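This briefing goes through the structure shown below, topic by topic. Please keep the sequence and the 3D view open while reading.

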Amino acid sequence: MIFSRSIPKKYVLLDIEALQPIPAMSIPENASGMAVLVRLKSRPVDFWMEPLPKDKPFTSRELIGWINRKSSISLLKARIRDELTPPVKCTRLPSLTVAICTRDRPRQLARCLKSLLRIERAAFGVPVSSSILVVDNAPSTKVTQALVESVPGVDYTMEPRPGLDFSRNRALKEAQGDLLAFIDDDVVVDGGWLEGLMAAWIEYPDAAAFTGQVLPYELATAAQVLFEQRGGFRRGFDTICYGQTLPGHPEYPLNAGVFGTGANMAFQRHILNQLNGFDEALDTGPPLPAGGDHDIFYRLIREGHQIVYKPAFLVFHDHRRERKALIQQYWSWGLGVMALADKWRHKNPTERPRIRYLVRAWFGLRFSELIFAVLRRKPFPFYMILTEMAGGMVGIMGEYRRSIKRIHRVRKQFP
Amino acid sequence: MSSFNPLKILHIDLSRELPSIHPVPDIAGLFVVFWWQNIPLGHSWVPLSELPMSPVNITERALTAITPAVESYLMGGFIEVSTSTDSFSGFAGDIKTLTEMGKPLSLLEERIALSFKASKAPSVSVIVCTRDRPAQLARCLGSLQNLSHKPDEICVVDNASRSDETCTVTAGFGDVHYVYEPKPGLNVARNKGIRQSSGDIIAFVDDDVTVHGDWLDAIQGAFVDLGVMAVTGLALPAELKTQAQYLFETHWGFGRGYQDKVFGRQFFERFRSRGVPVLEIGAGANMAFRRRVFDDVGLFDERLDVGAAGCSGDSEMWYRILARGGICHYVPTAVVYHYHRPEMEAFHRQLFYYMRGHVTALLIQFERHRHWGNLRRMLLSLPVYYAGLMIHGLLYGFSGRKSTLKSEILGCLSGVKFYLNQKQREKCN
């Protein structure tokens, strides 16, 4: 019974500008739902997913009804925000290096670069001096290098030690910009990406890091739809400045997922240098392919810095298409969260009560999700939650220390 | 409990340039109320750890706090409250109207200014009932002098004060009318006030409030609709200096939100079988009635409110109005500032009387109208609610909301006893 439930096949993605008439739509036959990004003056204000009515053609009229019902508050909020925010005045913007860490994924990388090169290198009428740096991590072929060299205006560097955080630290070493942005190779940046980042910087010039919204690039398979339905990488449409406390979250800042994700983040380069960059024992690829982004966010907050989340700083992420890959991702998320809890428990004994709270709350939340999944109140398969919990168990039982030993070996191998 | 840091109340007018908020020593945080000129739109609790706040921070905070209220004004006009949970979702208008709306807040100002202007008509008497609180009374009367629109009459009903200071204070305010009522009881005093005043509209404020300059305009504006029999308004905290005041504001409070709400037939019928939550309509500290409604439904029940059962004299009156098909209108632009009791003991006592009054009112409402929902609320909803809080308290400790459970439950029981005693006495007479 549990296995035979109907699982959504495919969702149509719509990108709607509220100020323009809604275009006539053609919904593919096999689509079981739609995901709508609503924008106002090209800035994103709302995103929602809704199953399509069965046995009945869907018209733009109905779509307008849905937008009215679901997005009116968000649109109004955006309007009020515009009214309350004085026009941006700036004369100088920081220089920017965009780093893309990649390994043997030329197709995704080419798409990502294309989207980056398309956006105008200016924000609010002020030019932004920027460079793009591709860090090729322990490549098995020369394809990536050849690709990058064929695109003018993109720098190439190679990091032989396998591991995402080795690559990120390489980027930190080579970058020249005041700001250093990291995007994953499997994202496509939105046209307003740069302006979103610069708006965040103008509002909070002293913040150490900026994170942005991550929406789906496509929802073509059941795995992608499931991932997005569970929340995906979305973090809402309000600008949030994270400081030293977060009301209602006693475990803060250990719940570092609130800050955003490594698929789309930017840092003040000098602050990142002060912290000696990323922890190379995290994000190593299997068996510990996660945690580097959360770790750096946590350390920044603990050093007294601020992190700003800006929804207009937007990318579209190409989620894993296969169910197996999705299960693996949840495994590594559970693993990563708990490996970090384990790391901080040893590095920072004063945090222990808070870590105990985090561990209890995390497993408690997973457990209640599990109950809901088994009772079929939520469409999410229970075995994915079980996988995430199992990952968490392995993570808390010394995965971080095992990873340290592994990277010692890697460092010896590449002196 | 001894080391409670006070909260500072800050009013921010979003139509002006936003300030930066800097930390202040020895406070626990801020209670920030957001306004657009004279329209209150929302509030936000800011812990000290989030200070300093830049104008950008304040804007983001304000947006979350004010958007629902702005929507209620612009999209729905008035909300006819039919449920308390899904009070509003989505707007009735079209996405086009919304997106064409360049500056929603300025638009809001125009719409509300219109309703203010429309209000020329009926005469107003303001009645302040008081007992032995000359200092508070002086503060209240002082604020009434600063109204942008003067009432036709201000009347102080001195409810069996032991000293003559009330009289002296009132005399200091020239044209304020002084009435003495020897029989103690807030509802007795209110009824005296109704009989002794002459306005078409009778507005009551408690002696422990101060009023906003545009308070009366908002009240009068609401009475332009001839179906409206009662108007209530927003009561914001005037100070949050002690734990008792903080607990009162967070868990009880007089705040009924920033959305304009109309309570009518729909609201009444929906809840009739479960007990109509008339307390949601407003607070007796800030309410007004059309005089002729008292001819229709009678005066305040003298068994209720301070000096008798405890409170709920106000809500029982709204119940009668709704049962007769009248409309009660909650107008958030009619603002008063209430000074909550600062002492913990007084706070416990107050809650005891709250629940006592509430239960008595349920019995009286049942007696008058034979609506079984009132009994259901008393015998089912309230016991279940308190059992839940008890269990929570046993598991997690009796702090915060649960620190006053004993007073409340004893109050409920006492309410039943009070009602039965009154019945007994009536029979003997």
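**Paired strands and overall build**

In strand E2 of chain B, B:Val33 is the residue that stands opposite B:His11. The model is a predicted one. Chain A holds eleven helices and 14 strands, and chain B holds 14 helices and 13 strands.

**Three-stranded sheet of chain B**

- Three strands of chain B make an open sheet in the order E1-E2-E3, and the pairing is mixed.
- Strand E1 (7-13) and strand E3 (39-47) of chain B are the edge strands, each pairing on one side only.
- From one strand to the next, the twist in this sheet averages 20 degrees.
- Seven bridges connect E1(B) with strand E2 (residues 29-36) of chain B, and the two pair in the parallel sense.
- Helix H1 (residues 55-74) of chain B lies across E1, E2 and E3 of chain B.
- The angle of this helix to E3(B) is about 135 degrees.

**Three-stranded sheet of chain A**

- In chain A, an open sheet is formed by three strands in the order E1-E2-E3, with mixed pairing.
- Strand E1 (11-17) and strand E3 (43-51) of chain A each have a single partner strand, so one side of each is left without a neighbour in the sheet.
- The twist here averages 15 degrees from one strand to the next.
- E1(A) and strand E2 (residues 33-40) of chain A run parallel and are joined by seven bridges.
- A:Leu14 has A:Val36 in E2(A) as its bridge partner.
- Helix H1 (residues 60-84) of chain A lies across E1, E2 and E3 of chain A and runs at about 160 degrees to E3(A).

**Dimensions and burial**

- Along the principal axes, the C-alpha atoms of chain A fill a box of roughly 65 × 60 × 45 Å.
- Of the 415 residues in chain A, 46% are buried.
- For chain B, with 429 residues, a compact globule would have a radius of gyration near 22 Å, and the chain's 22 Å agrees.
- The box filled by the C-alpha atoms of chain B, taken along the principal axes, is roughly 70 × 55 × 45 Å.
- Buried residues account for 47% of the 429 residues of chain B.

**Contacts along the sequence**

- In chain A, 75% of the contacts between residues at least 6 apart in sequence join residues at least 24 apart.
- In chain B, residues 24 or more positions apart make up 75% of the contacts with a separation of 6 or more.

**Nonpolar core**

- The largest nonpolar core has 227 residues, and A:Ala99 and B:Ile219 touch the most other members.
- Leaving out residues up to four places away in sequence, B:Ile219 touches B:Ala203, B:Val231, B:Gly233, B:Ala288, B:Val331 and B:Ala334.

**Contact between the chains**

- On the two sides, 25 residues of chain A are in contact with 24 residues of chain B.
- H1(A) gives the most to the side of chain A that touches chain B, with 14 residues.
- That side of chain A consists of eleven nonpolar, seven polar and seven charged residues.

**Backbone details**

- Most peptide bonds are trans, and most residues other than glycine have a negative phi.
- The peptide bond from A:Tyr252 to A:Pro253 is cis, with omega near 0 degrees.
- A:Pro253 is in the loop between strand E12 (240-242) and strand E13 (264-268) of chain A.
- A cis peptide bond, with omega near 0 degrees, also runs from B:Leu51 to B:Pro52, and B:Pro52 lies in the loop between E3 and H1 of chain B.
- B:Asp26 is not a glycine, yet has a positive phi of about 60 degrees.
- The loop between E1 and E2 of chain B contains B:Asp26, which counts as exposed because 8 C-beta neighbours lie inside 10 Å.
- B:Asp132 is not a glycine either, and its phi is positive, about 50 degrees.
- B:Asp132 is found in the loop between strand E5 (124-130) and helix H4 (134-145) of chain B.
- With 15 C-beta neighbours inside 10 Å, B:Asp132 counts as partly exposed.

Notes: Residues numbered from 1 in each chain as written. Chains lettered and ligands numbered in written order. Predicted model: local features only at pLDDT ≥ 70, side-chain atom pairs only at ≥ 80, totals over all residues. Pairing = 2+ DSSP bridges. Helix = DSSP H or I, 4+ residues; strand = E, 2+ residues; numbered from the N terminus. Axes fitted to C-alpha atoms, helices over the stretch in contact; angles between N-to-C directions. Contact = placed C-beta atoms within 7 Å. Core = buried A, V, L, I, M, F, W, Y, C linked by C-beta atoms within 7 Å. Buried ≥ 20, exposed ≤ 12 C-beta atoms within 10 Å, placed from the backbone. Nonpolar A, V, L, I, M, F, W, Y, C, P; charged D, E, K, R; others polar. Rg over C-alpha atoms; globule rule 2.2 N^0.38 Å.
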